[in-house]
Structure formats: C-alpha cells, structure tokens
Amino acid sequence: MHVDEEEFESFIIDSGLVSKKEMELARSEANKNNTSTGKILVSRGVITEDDLRKTHAYILGIPFVDLKNQKLDFAILSLIPEPIARNHNVVAFKKTEGSLEVAMLDTEDLTAIDFIKKKVGLKILPRLTDNESMKWALLSYQKTLKAEFGDIIQKEANSLKVLGDKKDDGKTDEIDLKKIATDMPVVRIVDTLLKHAIIQDASDIHIEPEEDKVLIRYRVDGILRDAMVLPKNIASGITARIKVLSSLKLDEKRVPQDGRFKIDIGGEKVSFRVSTLPVYYGEKTVMRLLRESVSGFTLESLGFHGRGLDDLHKALKLTTGMILATGPTGSGKTTTLYTMLDIVNTPNVNISTIEDPVEYQMTRVNQTQVRSEIGLTFASGLRTLVRQDPDIIMVGEIRDNETAALAINASLTGHLVLSTLHTNSAAGAIPRLLDMKVEPFLMISTLDIVIAQRLVRKLSVSKTKYFLSKEELASLGNVVSLDRMLDLLKEEKIINNKDDFNKIPFWKPNPGVDSEDGYSSRIGIHEVLKVTPTIKNLIMKGATTSEIEKQAKLDGMMTMIEDGIFKAAQGLTTIEEVLRVVSE
C-alpha cells in the first residue's frame with residue numbers, strides 16, 4: 001500500500017496544511033536526499049507525523065482509528081505478543097469471525113502483518129492510528145501484565161516452605177543455598193520480578209527483608225514505590241537466586257557484595273547491577289536496571305531545545321575542547337553523555353572511554369571499566385587512553401585533582417573530552433574545577449560547554465488544563481522573573497508575542513486514568529552554559545558562581561528552573577514537579 005507522491009502533494013496543498021512554497025522546498029530537498037516529501041515536511045516541522053498518517057489513511061482509503069482511553073480486550077490484545085507489538089508499533093483491537101483489525105503506525109510494515117497472519121490464521125485488516133493511541137494500547141499490555149505477574153508471584157511464594165536454616169556462625173550451608181536458588185518456584189519468582197520491573201520501566205529494584213515479610217519496591221520515574229509484599233519465607237530464596245545470577249558468594253551474608261548479570265527480554269538486553277547489604281532482618285538487595293542500548297536517543301528527545309541545543313551541536317563538531325555534564329546521582333548525566341557520543345560516533349573517529357561502571361555498551365566505542373582494586377583508576381586509565389590515539393575521550397566522572405588535570409591536558413592536546421562533575425548548577429562547575437587546582441588560563445582554553453540537569457516526571461496523555469490565579473502567579477514570580485519567562489517563551493514561539501501569563505495554559509495530572517499518578521516517564525530540565533568571552537573574563541578574575549550565572553543569563557542561558565517552567569508551559573510537566581525537583 002503505497003501513496004503516490006503527486007497525489008499526496010496535491011491533496012495536502014488542497015487541505016491547507018502546507019503552502020505551495022513549503023511544498024516546493026520540501027520536494028526539492030526530498031529529490032536531493034532520495035526520500036519522500038512527507039518525511040521532509042515532518043522533519044522540517046511543517047506537519048506532524050500524525051498529520052502525515054491521517055493524510056495517508058485518507059488517500060489509501062484505510063480507516064483511521066483513535067484508541068485513546070478505550071478499554072481494550074486483553075484476550076484480543078494478547079493475540080499479538082507484547083514484544084512484537086512494541087517493536088513494530090502494531091496492536092490488535094477488534095476481532096470478527098474471520099478477520100482481525102490491527103492498528104499500526106506504518107501500514108507498509110509487511111513483516112509484522114505477515115507474522116500476525118501466520119500466528120492467528122485470520123484475515124488482517126490494517127488500520128492507521130496516531131502515536132498517543134499506540135502509547136495507550138501498549139500501556140494496556142502493561143496494566144494487565146502487572147496484575148498477572150502479581151498473581152504468579154503470590155501463588156509461587158505461597159507454595160514455598162521456610163528456606164535455609166542458619167548455622168551458629170550466621171551462615172547457611174552453600175549446598176542448601178544452591179538447591180534453594182535452583183528451586184523452580186524461586187526461579188519463577190525472580191524472573192517475574194525482573195520482567196515486572198522492566199515492564200514498569202523501573203530504574204531500581206529494592207528487595208527489603210522485614211520482621212514478618214519481604215517488601216519489594218521499584219523506583220519508577222525517580223520515585224520509590226511499593227510494588228508488592230511477599231511472605232517472609234521467600235527472602236533467602238530470592239537473595240540466593242540473585243547471587244547465583246550475579247556470581248556472588250552464596251554463603252557469605254555478613255559483608256556487602258557487588259555483582260552484575262544480564263538478561264534478554266523480548267529482544268531487549270537489560271543489565272542488572274547488584275548490591276547486597278546485611279541488615280537487621282537478613283540481606284537487603286538493590287538492583288540497578290541498565291538498558292544496554294542507548295541508541296535512538298536524541299538531544300531533542302532528552303529535553304534540549306533552542307539556543308542551548310544549538311550550542312551543544314556546535315560544540316560536538318569541534319575536534320578539541322571539553323563538555324561537562326553536572327548534577328546529582330540519577331539526574332541523567334550518563335544518558336546525556338552517551339547520547340552525545342552516539343551523535344559523534346562515526347566510522348572516521350576513534351572513541352575511548354573510562355567508566356565506573358560501564359552502563360551501556362556501544363558499538364565502535366572502546367569502553368574501559370575502572371578497577372581501583374588493581375590500580376586502574378580514572379586517572380591511570382585516562383593516562384593510558386591518550387596513548388591509544390583517540391579523537392574523543394569520555395571520562396565517566398572527574399573525582400579528584402589528578403583526573404581534572406589529565407582531562408584538561410587531554411583537551412589541550414587535540415582531543416574532544418566529555419565528562420561529568422558533581423555540582424548543583426552549570427556555573428558551579430567553574431569554581432569546583434578551580435578548587436581542583438585547574439589553572440584559570442587552562443580552563444578558558446579548553447572548557448566549552450557546561451550542562452546542568454535534573455529529571456522531571458512527564459505528564460501522561462490524560463491531563464487537566466488550568467490557568468494561574470493571581471496568587472499562583474505571585475508565588476511563581478518569587479522563583480523566576482515573569483517578564484524574562486515571557487520573553488523566553490516568545491523567543492521559541494511557544495506563545496504569541498501579545499500573550500501574557502493569563503493566556504498561557506498549564507496542566508495538572510489526572511491520577512489513575514492512564515497511569516497511577518498521572519505521570520509517565522521523565523524528561524530533562526537543563527541549563528547549558530556556553531563559555532563565552534565574557535565568561536572567560538570572569539573566570540580569569542576568579543568570579544563567584546552567582547556572578548558567572550548572572551553573566552550566563554545575560555549571554556542567553558536559560559536556567560534550570562526557567563527550563564522547567566518552559567516545559568510546564570508546553571504541557572510536558574507541572575510547575576509543582578519542577579519546583580519539587582529543583583528544591584531537592
């Protein structure tokens with residue numbers, strides 16, 4: 001089912017979505033790049049992907065379906081396995097005697113249609129849908145699977161007997177523990193816990209033994225939440241199973257241990273970084289989930305925009321210099337660095353990294369794990385990296401004076417260096433480097449961009465519009481300059497030039513409609529400090545953090561809280577969420 005280009009162009013001009021001039025420009029670019037005018041119009045922001053799909057649906061005579069907020073029958077939904085649905089953006093939503101209606105984002109995905117036809121033995125009727133409908137349908141899988149997983153875990157847990165009596169020295173016989181760890185109910189419970197966490201898009205799993213139960217908690221979108229409560233008798237079995245998976249000592253319960261393992265779920269590889277710690281009622285286990293592939297992210301999808309985005313792209317085209325990402329643990333610094341590496345990862349450059357730990361694996365990138373127990377630190381690893389003929393170096397974190405000096409020296413000697421630093425703001429990175437004995441004249445020769453960031457929860461599809469009252473506006477004015485905020489919103493055309501805060505809609509979450517608390521996933525709020533000539537002068541004078549930030553704002557930097565309010569005005573998050581995250 002292919003749309004004729006001439007027919008598409010004629011239809012979309014007649015519909016008023018695109019002017020003749022815009023179409024001519026798009027056609028010229030499409031011919032040059034050997035692609036379709038539709039794709040060019042989307043890439044240029046003239047029309048949305050959903051506009052394109054609706055137009056195609058109309059021309060092809062394929063019905064367009066809106067699945068948002070519809071209750072989908074899980075028996076029909078599950079005719080297409082969830083991994084296939086997610087990978088191909090195709091869901092089954094209606095079944096008749098001899099046919100199955102499936103909603104798709106791309107009706108030309110013949111592989112998916114052929115697979116579904118063979119699996120269900122029915123005539124497949126493709127329907128086009130939009131991105132929000134697809135997200136809703138995929139979320140319906142998750143809701144049902146959560147309930148299903150909860151039932152499996154409780155059933156298996158209730159079938160277990162008390163496991164592993166302790167000896168006098170506080171240890172359990174290793175042979176007994178191995179037997180427990182391979183017991184089928186325990187294997188099923190742990191497998192289900194891991195799958196459950198992946199489906200919920202959790203970043204961490206906490207398994208906490210208490211006096212009379214085991215509490216399982218997941219960190220989702222930065223918030224730690226109770227996931228389920230299991231019987232006390234299962235605690236040692238779960239811990240033993242996780243220790244087997246991560247190659248830890250089974251019979252050692254008195255000292256902390258660290259390990260790692262990997263699983264493959266529906267074609268997606270996920271690594272788990274494991275940490276065990278003795279607590280009063282046994283051993284607490286925490287697992288960090290690390291998706292192995294970071295490709296597919298863009299700086300735009302992470303939340304960068306406007307002048308900051310332009311400055312970053314320019315900095316990534318340089319062959320020397322330093323780009324720093326700052327923020328607390330869990331603020332998304334590593335993902336930002338990997339996304340930048342993905343942009344510069346071309347066949348004609350050599351990229352080397354020194355990390356602790358290696359969180360994502362990237363093709364054509366030489367990644368080295370810090371091993372301080374054998375003397376392989378950030379500093380010693382960085383010394384070796386510069387002898388490996390790299391073009392681009394990524395240092396996981398600048399922790400001490402030696403690493404800071406080596407990173408500065410590497411950028412001086414013809415390398416692009418990317419790294420992270422623990423400071424609260426972009427401007428705060430400069431005094432921090434000075435504290436690390438970096439000479440000001442070296443810093444202004446190398447430091448190009450400093451990013452500071454936090455992660456805020458994104459609103460779900462279902463949300464409630466409201467306008468700020470006088471009291472709320474006055475309260476907001478205490479944390480940001482309202483006049484400056486209006487200028488920033490007008491500069492990026494989020495609002496019209498004549499609009500004021502009385503005409504800007506903000507949004508509140510709708511808990512329980514399409515997510516538990518009205519939020520789904522997270523997005524970054526950033527400040528991107530470009531080291532301009534005026535900033536360089538301040539560095540040489542030994543200026544304070546506040547003086548540097550003040551000048552950066554005059555040079556066009558949007559602060560983190562301003563970026564948060566900017567995203568709230570776009571309907572991506574709430575003012576309350578921004579203030580919560582920034583105040584932390």
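What pLDDT does the protein average, and what percentage of the residues score at least 70? The model is predicted, and its average pLDDT is 87, with 92% of the residues scoring at least 70. Residues 162-171 have a pLDDT below 50; beyond near neighbours in sequence, this stretch has 18 contacts in the model. Where pLDDT is low, the predicted coordinates should not be read in detail.

The domain assignment divides the protein into domain 1 (5-60), domain 2 (173-291) and domain 3 (299-583). Between the C-alpha centres of domain 1 and domain 2 the distance is 51 Å.

An open sheet is built from three strands in the order β1-β2-β3, and its pairing is mixed. The edges are formed by β1 (90-95) and β3 (123-128); each has a single partner strand, so one side of each lacks a neighbour in the sheet. From one strand to the next, the twist averages 30 degrees. Strands β1 and β2 (residues 99-104) run antiparallel and are joined by five bridges. Within β2, Leu 100 is the bridge partner of Lys 95. Helix α7 (residues 110-120) packs on this sheet and touches β1, β2 and β3. The direction of α7 makes about 140 degrees with that of β3.

The count of aromatic pairs comes to three. One of them is the stacked pair of Phe 261 and Phe 272, with 5.0 Å centre to centre and 10 degrees between the planes. Phe 261 belongs to strand β7 (residues 257-265) and Phe 272 to strand β8 (residues 268-279), so the pair ties together parts that are 11 residues apart in sequence. Both Phe 261 and Phe 272 are buried. Another pair, Tyr 338 and Tyr 360, is edge-to-face, at 5.0 Å centre to centre and with 85 degrees between the planes. This pair links distant parts of the chain, 22 residues apart: Tyr 338 is in helix α13, and Tyr 360 is in the loop between β11 (351-355) and β12 (365-369). Tyr 338 is buried, at a relative accessible area of 0%, and Tyr 360 is buried at 12%.

Helix α13 (residues 333-344) also contains Thr 336. With a relative accessibility of 1%, Thr 336 counts as buried, because the cut-off for burial is under 20%. Apart from its neighbours within four places in sequence, Thr 336 is in contact with Leu 302, Phe 304, Ile 451 and Gln 453. The C-alpha atom of Thr 336 is separated by 23 Å from that of Ala 197, which is 139 residues away along the chain.

Note on methods
Residues are numbered from 1 along each chain as its sequence is written. This is a predicted model: local features need pLDDT of at least 70, side-chain atom pairs count only at pLDDT 80 or more; totals for chains, interfaces and linings use all residues. Side-chain values use heavy atoms; hydrogens and water are left out. Two strands pair if DSSP finds at least two bridges between them. Helices (H or I, at least four residues) and strands (E, at least two) are DSSP runs, numbered from the N terminus. Axes are lines fitted to C-alpha atoms, for helices over the stretch in contact, and angles run from 0 to 180 degrees between N-to-C directions. Contact means heavy atoms within 4.5 Å. pLDDT is the predictor's confidence in each residue, from 0 to 100. Domain bounds come from an automatic or database domain assignment. Buried means under 20% relative accessible area, exposed over 50%, partly exposed in between (1.4 Å probe, protein chains only). Rings of Phe, Tyr and Trp (its six-membered ring) pair if their centres lie within 6.5 Å; planes under 30 degrees apart count as stacked, over 60 as edge-to-face and the rest as tilted.
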